[in-house]
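Morning, everyone. Please have the screen in view while I talk.

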Amino acid sequence: MARKLKTFVTLSLAAALVASVAEAQPYGFGGGPGWGRGGMMMNAPGRGRFPIIDADENGVISAEEAASAAEDVFAAMDSDDNAELTMEEYMAVRMGPQDGWNKSRQAEREKQKSDRFGTMDVDKSDSVSQAEFIANAKARFEAADSDKDGKVTPWEWRSQQWN
């Protein structure tokens with residue numbers, strides 16, 4: 001009887017320990033830029049990148065925060081560190097979850113991303129320079145800032161993301 005009780009207590013403690021470790025893990029798991037705030041490029045389902053870009057956590061994205069985030073994204077994509085993105089480098093970095101539950105939507109998003117590369121490649125050199133990438137990010141920020149106050153609110157962000 002004592003042996004069964006000891007086994008039961010040991011297993012209960014082990015289960016509690018495993019559960020507490022699992023509960024302590026942030027959404028997205030792992031280390032690296034953005035992970036501690038909820039997963040690389042994602043804070044939580046439905047929240048998108050907004051909380052990651054809003055570095056001072058004041059509820060709006062400033063032009064400085066947007067520019068800094070664009071630089072970080074470019075650096076993450078530029079795997080050979082030559083200040084130019086090839087189509088392969090650009091497409092290799094996935095932005096957001098890729099669960100593959102909706103294959104047609106995923107294919108549509110990949111096509112949209114590929115089309116954005118062509119739009120950013122202003123000089124048609126088959127690569128996107130850091131200057132071209134930043135100029136595109138600036139244009140997207142300005143398009144999202146619908147009231148032109150130099151800040152993007154969650155409402156402006158979501159309106160721009162859904163279009």
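I'll go from the overall fold to one helix, then to the cores and the aromatic rings.

First, a caution: this is a predicted model. The protein has seven helices and four strands. Along the sequence, the order reads α-α-β-α-β-α-α-β-α-β-α. There are 163 residues, and 26% of them are buried. The accessible surface is about 11,000 Å². Carbon and sulfur atoms account for 59% of that surface.

What about contacts along the chain? Take the contacts between residues at least 6 apart in sequence: 39% of these join residues at least 24 apart.

Now find helix α3, residues 63–77. Helix α3 has 15 residues. From first C-alpha to last, α3 reaches 21 Å, close to the 21 Å expected at 1.5 Å a residue.

Which residues of α3 are buried? They are E65, A66, A69, A70, V73, F74 and M77. And what covers them? The cover includes helices α2, α4 and α6. Strands β1, β2 and β3 are also among the covering elements.

On to the cores. The largest nonpolar core has 10 residues. Its members are A70, V73, F74, M77, L85, Y90, F117, M120, V128 and F133. Helices α3 and α5 each supply at least two residues of this core. The helix that gives the most is α3, with four. There is also a second, separate core, of nine residues. Among them are I53, F141, A144 and V152.

Last topic: aromatic rings. A pair of rings is described by the distance of the centres and the angle of the planes. The count here is three aromatic pairs. I'll show two.

Start with F50 and W157. Their centres are 5.9 Å apart, and the planes make 75°. That pair is edge-to-face. F50 sits in helix α2 and W157 in helix α7, so this pair links distant parts of the chain, 107 residues apart. Are these two buried or exposed? The cut-off for buried is under 20% relative accessible area. F50 has 7%, so F50 counts as buried. W157 has 16%, so W157 is buried too.

Next, Y90 and F117. This pair is tilted: 5.5 Å centre to centre, with 45° between the planes. Y90 belongs to helix α4 and F117 to helix α5, 27 residues apart. Both Y90 and F117 are buried. We met both of them in the largest nonpolar core.

One more detail on Y90. K113 lies over the face of the Y90 ring, at 5.1 Å from the ring centre.

Methods: Residues are numbered from 1 along each chain as its sequence is written. This is a predicted model: local features need pLDDT of at least 70, side-chain atom pairs count only at pLDDT 80 or more; totals for chains, interfaces and linings use all residues. Side-chain values use heavy atoms; hydrogens and water are left out. Buried means under 20% relative accessible area, exposed over 50%, partly exposed in between (1.4 Å probe, protein chains only). Contact means heavy atoms within 4.5 Å. Accessible areas come from the Shrake-Rupley method with a 1.4 Å probe; for residues, only the protein chains shown count as cover. The expected span of a helix is 1.5 Å times one less than its number of residues. A nonpolar core is a set of buried Ala, Val, Leu, Ile, Met, Phe, Trp, Tyr and Cys residues joined through side-chain atoms within 4.5 Å. Rings of Phe, Tyr and Trp (its six-membered ring) pair if their centres lie within 6.5 Å; planes under 30 degrees apart count as stacked, over 60 as edge-to-face and the rest as tilted. A charge sits over a ring if NZ of Lys or CZ of Arg is within 6 Å of the ring centre and within 35 degrees of the ring normal.
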